[in-house]
Amino acid sequence: MAAHSVSEQLPKSGWFNQWWLSLAYHHKWAESLLYMMFFSGILLWDRVGVTWQVERWLLLAHMLVGATLFSLIVGAFWGAHRRLIVKSNKPFLRQTGTLIEWLLIACSLSGFYLIFYGNTGNPLGVVMQNIHFYSSWLLAPLVFRHAMRWSVLNLSKFFK
């Protein structure tokens, strides 16, 4: 009996490797969080004019989700998806995937700088805020275009 139950169990590395490989194709959470962070960032933009009572809670949520959930979920998806970027036979997906990688790095690093130091008005703070702001404006539409057929925003699959 004990030999039978041992033979049915997968080794941890086998189970983990299978899960990691399947994670490369499960993008809905990562993509949804990216769009949510983009939308909450737009609401924090001065030109939108959200009241301070709403903006302070929105900023706190944007920072906490960005530092925790976004980092974990998008980071795990990116790590699993990385081999697809490298080995894809489709030049468009390779190129947009690489650009998405660099934009994610720029947006994430500048976001962490802003969490820990903020924009204090010095030149470095202004540069970091601009990197964070403009990289997100490039990142969201590029992710949508990169995953257009499978995107969570692709509404055409609901109208067939």
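**Helix packing and one threonine**

Reply: To begin with the crossing of helix 5 and helix 6, it is left-handed, a term used when the near helix is turned anticlockwise from the far one by less than a right angle, clockwise being right-handed. This is a predicted model, in which local features need pLDDT of at least 70 and side-chain atom pairs count only at pLDDT 80 or more, while totals for chains, interfaces and linings use all residues. Residues are numbered from 1 along each chain as its sequence is written, and side-chain values use heavy atoms, with hydrogens and water left out.

Me: What pattern does the chain follow, read along the sequence?
Reply: Helices (H or I, at least four residues) and strands (E, at least two) are DSSP runs numbered from the N terminus. The chain has 6 helices and 0 strands, and read along the sequence its pattern is α-α-α-α-α-α.

Me: At what angle do helix 5 and helix 6 pack?
Reply: Axes are lines fitted to C-alpha atoms, for helices over the stretch in contact, and angles run from 0 to 180 degrees between N-to-C directions. Helix 6 covers residues 123-146, and its axis lies 8 Å apart from that of helix 5, at an angle of about 150°.

Me: How is helix 3 oriented to helix 4, roughly parallel or roughly antiparallel?
Reply: Helix 3 (residues 28-43) and helix 4 (residues 52-87) pack with their axes 10 Å apart, at an angle of about 155°. Angles under 35 degrees count as roughly parallel, over 145 as roughly antiparallel, 65 to 115 as roughly perpendicular and the rest as oblique. Helix 3 is therefore, relative to helix 4, roughly antiparallel.

Me: Is T96 buried or exposed?
Reply: Buried means under 20% relative accessible area, exposed over 50%, and partly exposed in between (1.4 Å probe, protein chains only). T96, which lies in helix 5 (residues 91-116), has a relative accessible area of 7%, so T96 is buried.

Me: Which residues does T96 touch, not counting residues up to four places away in sequence?
Reply: The side chain of T96 reaches the backbone oxygen of F92 at 2.8 Å. Contact means heavy atoms within 4.5 Å, and, leaving out residues up to four places away in sequence, T96 touches L142 and H146.

Note on methods. A polar contact is a pair of N or O atoms within 3.5 Å; within protein, one must be able to donate a hydrogen and the other to accept it, and residues adjacent in sequence count only if both atoms are side-chain atoms.
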